[in-house]
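Biologist: Hi! Could you walk me through this structure? I'd like to start with a definition and then hop around a bit.

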Amino acid sequence: MNKRDERKKQNRRLLTAFAASVLLHALVVAGSVYLQYVMGLKRPWLKTIDVTLVTLSPSNVEISAGPSPAPEGLPEPLPEPVPEPQVPDKPDVPVEPEKRETAKKIPEKTLEQPKERKKSPVEERLQELQQKVEQEQPSEFERTLARLQQKVQKGPPSGRVDRGEGAHGAPMSPYKKRYLAQIAMIIQQRWSFTPRLIREKGRIETYVALTIQPGGVVSDITFHEKSASEYFNDTVLKAIERASPLPPVPEEVGGSVLRIGLVFTPQGIK
Amino acid sequence: MFPSKIGFFSLLADTGPVVLFVLAILLLFSVLSWTIIIMKAAIIRRAMSESRNFLDYFFDVANVDKVFGETENFRNGSIARVFRAGYIEYRALGDLKDTRRGEERIARAIRREANEETKSLSRYVPFLATVGNTAPFIGLFGTVWGIMNSFLSIGVTQSASLATVAPGIAEALVATAAGLAAAIPSVIAYNHFTQQINSIERDLDDFSGEFVKSFVNELR
């Protein structure tokens with residue numbers, strides 16, 4: 001009887017100790033969750049892990065981005081309905097194919113220039129403009145700009161509006177286009193991901209809206225539509241975070257807070 | 001701030017089944033070893049303090065009947081329990097006049113109880129040694145598995161970017177950390193408890209002779 005009582009007592013002690021142990025572990029887990037998510041200690045290394053042993057060169061992405069058709073019926077982030085008011089940019093459009101050929105053909109062009117000048121003043125003017133543009137902008141930026149301009153020319157239906165701009169449907173100024181292209185290029189450069197890591201099948205597209213403060217700081221990043229791949233979404237978010245702060249919003253664009261939208265696909269930013 | 005979710009717990013969500021299994025085993029080991037640590041710490045502390053108090057009382061009072069009456073207050077003291085076993089045997093002798101046989105029986109009863117007490121005190125303690133020895137290796141297994149996976153993913157993606165390599169290595173390190181977290185307290189507790197149990201055992205050896213002598217004196 002005495003022994004049985006003692007055994008019972010020991011079992012009770014064991015159970016109490018077990019409960020205390022479970023409680024202790026639960027407290028440790030809860031404490032670390034609290035430290036990680038609430039106290040903001042979750043990502044102390046975010047800015048330091050900015051190293052990739054192999055990076056995707058933006059030019060590669062650019063080339064693959066070219067042939068991919070823009071998705072019809074989906075809201076475009078950058079384009080606005082701009083049918084005509086591109087008077088200063090009009091000469092750029094026929095020039096674009098030449099721009100894509102980049103520096104390789106520059107010597108040929110310089111050789112051909114005297115002949116062309118004799119032919120017509122319009123062509124002469126075109127080449128002048130082209131030279132100006134080439135002097136002003138770096139080649140990668142130019143390509144991104146060209147791509148964006150092409151898209152604008154193809155044009156979304158006239159009824160569509162820029163989701164970032166609201167519903168006023170105003171034509172996009174060339175300054176704004178340039179600024180948007182610059183932003184897209186910066187984010188593209190900061191974007192590092194490997195397409196082979198995307199296991200999910202189907203269309204991978206992420207629509208992101210973000211606010212650019214006048215100083216260039218990015219805030220209020222929201223996913224309007226996430227892709228099926230969490231990895232892809234995460235790399236997109238990290239690319240935007242790394243790109244912040246962006247260049248300040250130019251005075252010509254308004255110099256105020258700017259809300260824009262971007263479409264990320266494995267082929268690049270659209 | 002930016003709403004990206006990167007951290008220890010989101011890392012766990014992406015781990016493979018093998019690493020999760022390893023972590024589950026380590027968690028179980030940790031819970032069990034802490035159960036033993038909490039239980040044994042209370043039992044051994046009480047056994048030592050009550051033994052010490054009982055010995056003070058035993059040397060103050062010469063009468064074994066009086067001492068036995070007081071052992072009720074030292075039920076958790078190992079030495080008091082051994083004395084009780086000796087006293088019960090002494091009482092069972094009744095009218096036995098053969099002092100030598102009586103002494104033998106009392107000594108045997110005391111030795112038996114001392115052994116029982118040592119066994120009871122060291123029950124479950126070897127498990128702490130097992131955890132201390134095996135948990136780092138189990139964690140290491142998870143580490144090796146995670147690193148194997150990360151190298152495989154380098155092979156599959158043909159990319160050595162940190163984004164490809166880091167998750168696997170982080171998984172691996174989580175397993176190692178969990179193994180060490182389970183093992184370190186277990187090893188410390190094991191060493192502490194064995195040292196204290198050895199001390200109680202030595203006390204039992206030392207005072208068993210004293211008890212036998214006191215009962216034999218009563219017999220004469």
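Modeller: Happy to! A polar contact here is a pair of N or O atoms within 3.5 Å; within protein, one must be able to donate a hydrogen and the other to accept it. Keep in mind that this is a predicted model.

Biologist: Okay, so what lies 2.6 Å from a polar atom of the side chain of Ser51(B)?

Modeller: That is the backbone oxygen of Ala47(B). With the cut-off at 3.5 Å, the 2.6 Å pair falls within the limit for a polar contact.

Biologist: And where does Ser51(B) sit?

Modeller: Ser51(B) belongs to helix H2 of chain B.

Biologist: Is Ser51(B) buried or exposed?

Modeller: Ser51(B) is buried, because its relative accessible area is 7% and the cut-off for buried is under 20%.

Biologist: Which residues does Ser51(B) touch, leaving out those up to four places away in sequence?

Modeller: Ser51(B) touches Gly77(B), Ser78(B) and Ile79(B).

Biologist: Nice. Switching to pockets: what volume does the second largest pocket have?

Modeller: The volume of the second largest pocket is about 800 Å³. Its lining draws two or more residues from each of these elements: helix H1 (2–38) of chain A, and helix H2 (17–60), helix H4 (78–92) and helix H5 (99–121) of chain B.

Biologist: Which element gives the largest share of that lining?

Modeller: H1(A) does, with eight residues. In total, 23 residues line the second largest pocket, and those nearest its centre are Lys3(A), Glu6(A), Arg81(B), Glu113(B) and Glu117(B).

Biologist: How does the lining of the second largest pocket split by class?

Modeller: There are 14 charged residues, five nonpolar and four polar.

Biologist: Good to know before I set up a grid. Now the backbone: which peptide bond is cis, with omega near 0°?

Modeller: The one from Ser244(A) to Pro245(A). Pro245(A) is in the loop that runs between helix H8 (230–243) and strand S3 (258–265) of chain A.

Biologist: What about phi at Asp220(A)?

Modeller: Asp220(A) has a positive phi of about 55°, although it is not a glycine. This residue is part of strand S2 (residues 218–225) of chain A. Asp220(A) is partly exposed, with a relative accessible area of 48%.

Biologist: And what is phi at Tyr124(B)?

Modeller: Phi of Tyr124(B) is positive too, about 70°, and Tyr124(B) is not a glycine. Tyr124(B) sits in the loop between H5 and helix H6 (125–157) of chain B. With a relative accessible area of 38%, Tyr124(B) is partly exposed.

Biologist: Great, thanks for the tour!

Key
Residues numbered from 1 in each chain as written. Chains lettered and ligands numbered in written order. Predicted model: local features only at pLDDT ≥ 70, side-chain atom pairs only at ≥ 80, totals over all residues. Heavy atoms only, no water. 1 Å grid on protein atoms, 1.4 Å probe; cavity = no way out; pocket = protein on both sides within 12 Å on 5 of 7 lines; lining within 4 Å. Points joined across faces, edges and corners; volume = space filled by probe spheres on them. Helix = DSSP H or I, 4+ residues; strand = E, 2+ residues; numbered from the N terminus. Nonpolar A, V, L, I, M, F, W, Y, C, P; charged D, E, K, R; others polar. Buried < 20%, exposed > 50% of the residue type's maximum accessible area, 1.4 Å probe, protein only. Contact = heavy atoms within 4.5 Å.
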